[in-house]
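Colleague: I have just opened this one and would like to find my way around the fold. Please take me through it residue by residue, then helix by helix.

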Amino acid sequence: MIPRFIVSALWAGVIALDFTGFGPFMVSQPMVCGPIFGWLLGRISVGVILGGIVQLIWMDVTPVGVGIPFDTTAVTLLAVYWATLTPHESLSQIILALLIAVPFGYLFRAMDFYARRLNTLIVRRIERVSDDHLPAAMNVGIIGGLAWSWARYAVFYAFSMWAGERLWTRLAYSPRMTWIDQGLTMAVILLPVAGMGVALELFLLEDPEGRLTSLRHLRLPGRRRGDAQ
């Protein structure tokens, strides 16, 4: 029987293609990929909780242009995988899985950085192909690039799920102090609140000049700056 982490990694590789390889169709957004991956693992509620939390906290993280952002897709998928290892997960275990997954967002970002350097070398080789064979070379390069992206994501996810599962087994099943369990449970409420603060900040900073202009029009007629109150 194929191990659970390998099957999960293969699906995670498909979802991750939308992040930088093929798309974007917004499938890799935490709010979307969390419930989808949770459904694939038979625990859609875990995916909804984790996907919503990650989406709110890292709402401003988007792969735009040549920038390589923090990989929120990896954080979501790994956290959902580990949180669904137990037969009946608790809220504290869901947050614990999220805490373990956060560093992997930086690891996958570094992986994308070096993968793009390799992709650049491949593109330069395609540029050397003669004009007669250039369309075929580009098709082969695109298909091969997608296959390579899926393979590297699947391998990285498989290794991360396997390694994190060892750590998860030690932390999630070991006796926990009551105040730690209570703190992790409270984080389920506090983290979305912090995420709403991020969303509010993005909304207020979107066009501050325009908002100031609209507020000036609300002044009463005849009132000038410096007039006596």
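**Inside the helical fold**

Colleague: Let's start with S28: does S28 count as buried or exposed?
Modeller: Buried means under 20% relative accessible area, exposed over 50%, and partly exposed in between (1.4 Å probe, protein chains only). S28 has a relative accessibility of 5%, so S28 counts as buried.

Colleague: Before we go on, what pLDDT do local features need in this predicted model?
Modeller: Residues are numbered from 1 along each chain as its sequence is written, and side-chain values use heavy atoms, with hydrogens and water left out. In this predicted model, side-chain atom pairs count only at pLDDT 80 or more, totals for chains, interfaces and linings use all residues, and local features need pLDDT of at least 70.

Colleague: Thanks! Where does S28 lie?
Modeller: Helices (H or I, at least four residues) and strands (E, at least two) are DSSP runs, numbered from the N terminus. On that reading, S28 lies in the loop between α1 and α2.

Colleague: What relative accessible area does T73 have?
Modeller: Not counting residues up to four places away in sequence, T73 touches I15, F19, S28, C33 and Y157. T73 is buried, because its relative accessible area is 1%.

Colleague: How many residues make up the largest nonpolar core?
Modeller: A nonpolar core is a set of buried Ala, Val, Leu, Ile, Met, Phe, Trp, Tyr and Cys residues joined through side-chain atoms within 4.5 Å. F37, L50, L78, W82, F108, Y157 and M161 touch the most other members, and the core counts 42 residues.

Colleague: Which helix gives the largest share of this core?
Modeller: At least two core residues come from each of α1 (4-20), α2 (30-40), α3 (44-57), α4 (72-83), α5 (91-127), α6 (134-172) and α7 (178-204). The largest share is 10 residues, supplied by α5.

Colleague: Which tryptophan does W82 touch, not counting residues up to four places away in sequence?
Modeller: With those left out, the partners of W82 include A97, I100, A101, F104, S160, M161, G164 and E165.

Colleague: How far apart in space are I94 and V46, C-alpha to C-alpha?
Modeller: I94 lies in helix α5 and is buried, with a relative accessible area of 2%. Leaving aside neighbours within four places, I94 is in contact with V46, I49, L50, A83 and E89. Although I94 and V46 are 48 residues apart in sequence, their separation in space is 7.3 Å.

Colleague: How many residues of the contact of α3 with α7 are nonpolar?
Modeller: I53, L56 and I57 in α3 meet L191, P192, G195, M196 and V198 in α7. Ala, Val, Leu, Ile, Met, Phe, Trp, Tyr, Cys and Pro count as nonpolar, Asp, Glu, Lys and Arg as charged, and the others, Gly among them, as polar. The contact has no charged residue and 1 polar one, and its nonpolar residues number 7.

Colleague: Last one: how many helices does the chain have?
Modeller: Read along the sequence, the pattern is α-α-α-α-α-α-α-α. There are 0 strands, and the number of helices is 8.

How values were computed. Contact means heavy atoms within 4.5 Å.
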